[in-house]
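Hello,

Here is the structure I promised to pass on. My notes follow below it.

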Amino acid sequence: MTETSVKCTGCGSLRLDLELFCRKCGNPFIVNVTGEYHNNIGDNFPYISKFILNPDTDTPLISLNEYTWAKEEFLHPTLSYKDRGMNNLFSFLKSNNVLKNNLKVSEDSSGNAGASFAFFSRMLNLDATVFVSKNANVNKISQIKKYGAKVVQVEGNRKDVETAAINSGMMYLGHQSWPEFTDGFRSISYEIYEKAETFPDKLYIPFSTGTLYTGIYFGFKHLKDNNLIDQIPDLVAVMPEKAAGMHNFMIGKENVPQPSIADALTGMIPLRANFMKKIIKENGKTILVTEEEIFNARSELLKMGLDVEFSSAVSYAAKKKSGKENSILILTGHGIKNVG
Ligand SMILES: [Zn+2]
């Protein structure tokens, strides 16, 4: 049987109710998974009685060359990987009867998470508001509105946007805060394990708040704990030079993020930075890419028949600078979301 527990990333205390921060030390939570692995992917999430969408998404894993594959995580309903985490979070809340019709809910997002949040809110008849920064991607704002959510643009940095959403008086479903969102990405590792012809040595993962990276890590860790894989692949956290919050945090450098064409990668220091620093050090590394490298990588992917947003192309830009290990690129968002 698979077992999960929601634990504080600081002191290890268990979550008592649905609080977002530990009542003892103030740190955010993470879902720990132990016990048996199930081939039926949904059975590895025992805290969800019924999924809204099938967690076995079967996004294609396609070959780009003899040693590089791409996991097409942009092929979800809202054209970004965020649906995987949002499906998990909303399915968990619905399983626990937290979400009632017309409940007012809020989220803060640079775009893709907001669109996914608006989509799932629409499915469940929730009254959704997404708080975004003034310079948010207009295509993503438009997508959020098309699902019927309200959009509030906030002056200031990413932290100010988050504060506005938290203080909105609505139920705050910020994707970075809820551990069940992060935990949704475990299924990527399970799908790779079940379906990859060659098990990868390395994964290149676009990194912003690190939820994707952390979820993938826990998925592979669960497989390793079950002795189904020899080792966790190297997990490379890829960031734009201009928006490298986690990297700067790890080397103790002052972090002043600049806008990048990879607009989904905000460059803020993540909520669980201390926790993730250890995981990255033990299981991989960070790689930074320039704006030119991102632009060129996206153009090359287009020529291969892959239309991804710049924020996804960072993974290919990083791979191009690295060795010939068997690698999987996580392609996170569709190119239709790009402005320009
Ligand atoms: Zn704690």
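A few terms first. Helices (H or I, at least four residues) and strands (E, at least two) are DSSP runs, numbered from the N terminus. A residue is buried if 20 or more other C-beta atoms lie within 10 Å of its own, exposed if 12 or fewer, and partly exposed in between, with C-beta atoms placed from the backbone.

This is a predicted model: local features need pLDDT of at least 70, side-chain atom pairs count only at pLDDT 80 or more, and totals for chains, interfaces and linings use all residues. Residues are numbered from 1 along each chain as its sequence is written.

Back to α2. Of its 12 residues, 10 are buried. They are Asn112, Ala113, Gly114, Ala115, Ser116, Phe117, Ala118, Phe119, Phe120 and Ser121. The length of α2 (residues 112-123) checks out: 12 residues at 1.5 Å each should span 16 Å, and the end C-alpha atoms are 17 Å apart, which agrees. The expected span is 1.5 Å times one less than the number of residues. Just after α2, Asn125 has a positive phi of about 60 degrees.

**Positive phi elsewhere**

Most residues other than glycine have a negative phi. Leu79 is not a glycine, yet its phi is positive, about 65 degrees. Leu79 sits in the loop between β4 (68-72) and α1. It counts as buried because it has 23 C-beta neighbours inside 10 Å.

Asn102 also is a residue other than glycine with a positive phi, near 65 degrees. Its place is the loop between α1 and β5. Asn102 has 8 C-beta neighbours inside 10 Å, so it counts as exposed.

**Leu212**

Leu212 lies in helix α7 (residues 211-225). It has 24 C-beta neighbours inside 10 Å and therefore counts as buried. What does Leu212 touch, leaving aside its neighbours within four places in sequence? The contacts are Tyr81, Phe185, Ile205 and Ile330. Two residues are in contact if their C-beta atoms, placed from the backbone, lie within 7 Å. For scale, Leu212 and Gln231 are 19 residues apart in sequence and 19 Å apart in space, C-alpha to C-alpha.

**Domains**

The protein divides into domain 1 (54-81 + 181-337) and domain 2 (84-176). These bounds come from an automatic or database domain assignment. The domain centres, taken over C-alpha atoms, are 23 Å apart. At the boundary, 24 residues of domain 1 are in contact with 21 residues of domain 2. On the domain 1 side, α5 (179-183) and α6 (186-195) are the elements that give two or more residues. The largest share, 3 residues, comes from α5. By class, that side has 10 nonpolar, 11 polar and 3 charged residues. Here Ala, Val, Leu, Ile, Met, Phe, Trp, Tyr, Cys and Pro count as nonpolar, Asp, Glu, Lys and Arg as charged, and the others, Gly among them, as polar.

**Whole chain**

The protein has 11 helices and 12 strands. Its radius of gyration is 18 Å, close to the 20 Å that the globule rule gives for 340 residues, so it is as compact as a globular protein of that length. The radius is taken over C-alpha atoms, and the rule is 2.2 Å times the number of residues to the power 0.38. Of the 340 residues, 51% count as buried.

Best wishes
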